[in-house]
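User: Hi! I am new to protein structures and would like to go through this one step by step. Could you help me read it?

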Amino acid sequence: MTNYRYYTGSLFVRELECLKEEYIQHDLDDMKRMVEEDILLLEKAVNMLSINTVS
């Protein structure tokens with residue numbers, strides 16, 4: 001059996017490390033824009049999840 005929780009967790013950690021490196025290489029204005037874009041994407045994802053949830 002595959003331990004999907006481990007795979008997903010390690011994949012998540014690697015993605016966070018990549019984001020951290022990416023943020024370090026940009027100046028503050030670029031970081032602000034990137035964070036705003038990330039927040040907008042998260043808000044869209046949450047809205048999609050809430051719309052698709054069966055009540």
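Analyst: Happy to! Let us start with a term: a residue is buried when its relative accessible area is under 20%, exposed when it is over 50%, and partly exposed in between (1.4 Å probe, protein chains only). This is a predicted model, where local features need pLDDT of at least 70 and side-chain atom pairs count only at pLDDT 80 or more, while totals for chains, interfaces and linings use all residues. Residues are numbered from 1 along each chain as its sequence is written, and side-chain values use heavy atoms, leaving out hydrogens and water.

User: What percentage of the residues count as buried?

Analyst: Buried is the under 20% class from above. The chain has 55 residues, and the share of them that falls in this class is 4%.

User: How many helices does the chain have?

Analyst: Helices (H or I, at least four residues) and strands (E, at least two) are DSSP runs, numbered from the N terminus. The chain has zero strands, and its helices number two.

User: Which residue forms a salt bridge with Glu17?

Analyst: Side chains of opposite charge can pair when their charged atoms come close. A salt bridge needs a side-chain nitrogen of Lys or Arg within 4 Å of a carboxyl oxygen of Asp or Glu. The N to O distance is 3.7 Å, and the partner is Lys20.

User: Which residues do salt bridges that share partners join into one network?

Analyst: In helix α2 (residues 28-52), Asp30 and Arg33 are three residues apart, so they are separated by about one helical turn, and their closest N and O atoms are 3.9 Å apart. Arg33 also meets Glu37 in a salt bridge at 3.3 Å, N to O. Glu37 is partly exposed because its relative accessible area is 40%. The shared partners make one network of Asp30, Arg33 and Glu37.
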